[in-house]
Amino acid sequence: MKRYIKAKIALGSHGVVAFPTETVMGLGVYFDDEIAYQKLNAIKQRKPNKPYTLMLYDPYVISFYAEVDNRAVKLINKFMPGPITLLLKVKGKVVPKWVTCGTGVIGIRVPNNKKALDFLYNLDKPLLVPSANRADQPPCLTSKEVKKVFGDEIDFVVRGKANGKKPSTIVDLSGPETKIVREGLIPSEDIFKALEE
């Protein structure tokens, strides 16, 4: 019996799953499933004009989905897997336009959590992943909290506990200027220091 077969069945049926990362618990749907995407928006009570992060199991596959320049290579080599999200221009037509809300920019993250990486590796496709919380509410840190907050709205929950309370640091590399969109577990000074190396 394959690992996470129940999760794959749920995702293949436009389902929403939850799993731990090194920051907070995340919710996930297959990245090219617009029906599940709309369901995720409804569950989170979130406006549809805010894109979700594309979460991958390995930094080496990032270039399949997005344009990777020298800055991105430095940050990927230094901090991934880890609590960092890079905003990059999408590559070709691999990522549907609705995923980026028409911006052509996607946030990409590879979590540094063994259970999360194992889970992502065993799925058929990458996931769109926001934090596990309702809009404007604090994120869940355990699988028990997810079940308490969302109940039967979540189709599969990977048991476990997130490793931290701060979210990932978001770095915008989609333009010529490097911008820190959100400072999380990785300080902004560490980001710019890595870019200078």
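1. Contact here means heavy atoms within 4.5 Å of each other. By that rule, and leaving aside neighbours within four places in sequence, Lys-115 is in contact with Tyr-4, Pro-20, Val-158, Arg-159 and Gly-160. The model is a predicted one.

2. Lys-115 is found in helix 5, residues 114–121. The side chain of Lys-115 reaches the backbone oxygen of Arg-159 at 2.8 Å. Pro-20, another contact of Lys-115, is 95 residues away from Lys-115 in sequence, yet the two C-alpha atoms are 7.2 Å apart in space. Lys-115 counts as partly exposed because its relative accessibility is 37%, and that class lies between 20% and 50%.

3. In soluble globular proteins, nonpolar side chains tend to be buried together. The largest nonpolar core in this model has 43 residues. Leu-75, Ile-84, Leu-86, Ile-108, Val-146 and Ile-154 have the most contacts inside that core. Several elements each supply at least two of its residues, among them strand 2 (25–30), helix 2 (34–44), strand 5 (105–109) and helix 6 (143–150).

4. Not counting residues up to four places away in sequence, Ile-154 touches Val-16, Val-17, Ala-18, Leu-27, Ile-43 and Val-146. A second, separate core has 16 residues, including Tyr-4, Ala-7, Leu-120 and Phe-156.

5. Helix 4 (residues 70–79) packs with helix 7 (residues 188–196) at an angle of about 115°, and their axes are 9 Å apart. The crossing is right-handed. On the helix 4 side the contact is made by Arg-71, Lys-74, Leu-75, Lys-78 and Phe-79, and on the helix 7 side by Asp-190, Ile-191, Ala-194 and Leu-195. Sorted by class, this contact has five nonpolar, four charged and no polar residues.

6. Met-80 and Pro-81 are joined by a cis peptide bond, with omega about -5°. Pro-81 lies in the loop between helix 4 and strand 4.

7. His-14 counts as partly exposed because its relative accessibility is 32%, whereas Gln-45, at 55%, counts as exposed.

How values were computed
Residues are numbered from 1 along each chain as its sequence is written. This is a predicted model: local features need pLDDT of at least 70, side-chain atom pairs count only at pLDDT 80 or more; totals for chains, interfaces and linings use all residues. Side-chain values use heavy atoms; hydrogens and water are left out. Axes are lines fitted to C-alpha atoms, for helices over the stretch in contact, and angles run from 0 to 180 degrees between N-to-C directions. Helices (H or I, at least four residues) and strands (E, at least two) are DSSP runs, numbered from the N terminus. A crossing is left-handed if the near helix is turned anticlockwise from the far one by less than a right angle, and right-handed if clockwise. Ala, Val, Leu, Ile, Met, Phe, Trp, Tyr, Cys and Pro count as nonpolar, Asp, Glu, Lys and Arg as charged, and the others, Gly among them, as polar. A nonpolar core is a set of buried Ala, Val, Leu, Ile, Met, Phe, Trp, Tyr and Cys residues joined through side-chain atoms within 4.5 Å. Buried means under 20% relative accessible area, exposed over 50%, partly exposed in between (1.4 Å probe, protein chains only). A polar contact is a pair of N or O atoms within 3.5 Å; within protein, one must be able to donate a hydrogen and the other to accept it, and residues adjacent in sequence count only if both atoms are side-chain atoms.
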